[in-house]
Amino acid sequence: MKSIVVFCGSSEGANAVYASNGYQLGATFAMRNIQLVYGGAKIGIMGKVAEGTLNNGGKVIGVIPEFLKLKEVFHEGLTKLIVTQNMQERKLKMHDLSDGIIMLPGGFGTLEEFFEMLTWSQLGLHQYPIGILNTNGFYDPLLTMMKQMVFEGFVKNDHLNTILVDTNIEDLLEKMEQYNPLPTPKWIKKEQL
């Protein structure tokens, strides 16, 4: 993996470990020569991941919609900043620039971005490894809910098992490097979305 998109909070959260782990993920990207692709903000965990990457000599591409750039929340020190017309274009651009996906703690927007990428994988629109860095057990309730979806017959266990989860950054990246995707269904094309 040469470029990973990270979805995470624009707030730092109630526990300092979330921001600290975000910074460490960015530093690890820099050490592994992995380019960070993210939402372009200077605030929250988003800003910490970018700083961790930049402060350790890594490359960072931010992708931000015009209306958020106007609110001056964007990071001015990035390797590259791409401005999109809207949120949907933003997600597509982040997807196109990456070959892996990681979710850190965050709110509704983080979940929305993650689940859209997960749905695209389920539909066969990409075969990227999808990871959750489950800092402090933050996503334990969500993982339980996803298991319930399998139990109730709404999600196939094979699709649930494509989500790679770990509490350790290096271990998660190793799982992502070793990832073997499901066979791609041929019945839908990216242009149809």
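Two strands count as paired here if DSSP finds at least two bridges between them. My helices (H or I, at least four residues) and strands (E, at least two) are DSSP runs, numbered from the N terminus.

**Ground rules.** I am working on a predicted model, where local features need pLDDT of at least 70, side-chain atom pairs count only at pLDDT 80 or more, and totals for chains, interfaces and linings use all residues. I number residues from 1 along each chain as its sequence is written, and side-chain values use heavy atoms, with hydrogens and water left out.

**Overall look.** I find eight helices and seven strands in the protein. I get a radius of gyration of 16 Å, which agrees with the value near 16 Å for a compact globule of 193 residues (taken over C-alpha atoms; the globule rule is 2.2 Å times the number of residues to the power 0.38). The C-alpha atoms fill a box of roughly 45 × 35 × 30 Å along the principal axes. I then looked at burial, using under 20% relative accessible area for buried, over 50% for exposed and partly exposed in between (1.4 Å probe, protein chains only). By that rule, 47% of the 193 residues count as buried. For contacts I took heavy atoms within 4.5 Å. Among those between residues at least 6 apart in sequence, 71% join residues at least 24 apart.

I traced seven strands in an open sheet, ordered 4-3-2-1-5-6-7, with parallel pairing. Strand 4 (80-84) and strand 7 (163-166) are the edges, each pairing on one side only. Neighbouring strands are turned by 25° against each other on average, direction ignored. For such angles, axes are lines fitted to C-alpha atoms, for helices over the stretch in contact, and the angles run from 0 to 180 degrees between N-to-C directions.

**L81.** I placed L81 in strand 4. L81 is partly exposed, at 28% relative accessible area. Leaving aside neighbours within four places in sequence, I list its contacts as G40, G62, I64, K69 and F74.

**Helix 4.** In helix 4 (residues 87-96), I marked R90, K91, M94 and H95 as buried. Down the helix axis, the buried residues fall within an arc of 130°, so they line one face (the arc is that of the directions from the axis to the C-beta atoms). N86 caps the N-terminal end, with a side-chain oxygen 3.2 Å from the backbone nitrogen of Q88.

**Two asparagines.** Most residues other than glycine have a negative phi. I noted N33, not a glycine, with a positive phi of about 60°. N33 sits in the loop between helix 1 and strand 2 and is exposed at 68%. I also noted N136, with a positive phi of about 60°. N136 lies in the loop between strand 6 and helix 6 (140-151) and is exposed at 52%.

Notes
A polar contact is a pair of N or O atoms within 3.5 Å; within protein, one must be able to donate a hydrogen and the other to accept it, and residues adjacent in sequence count only if both atoms are side-chain atoms.
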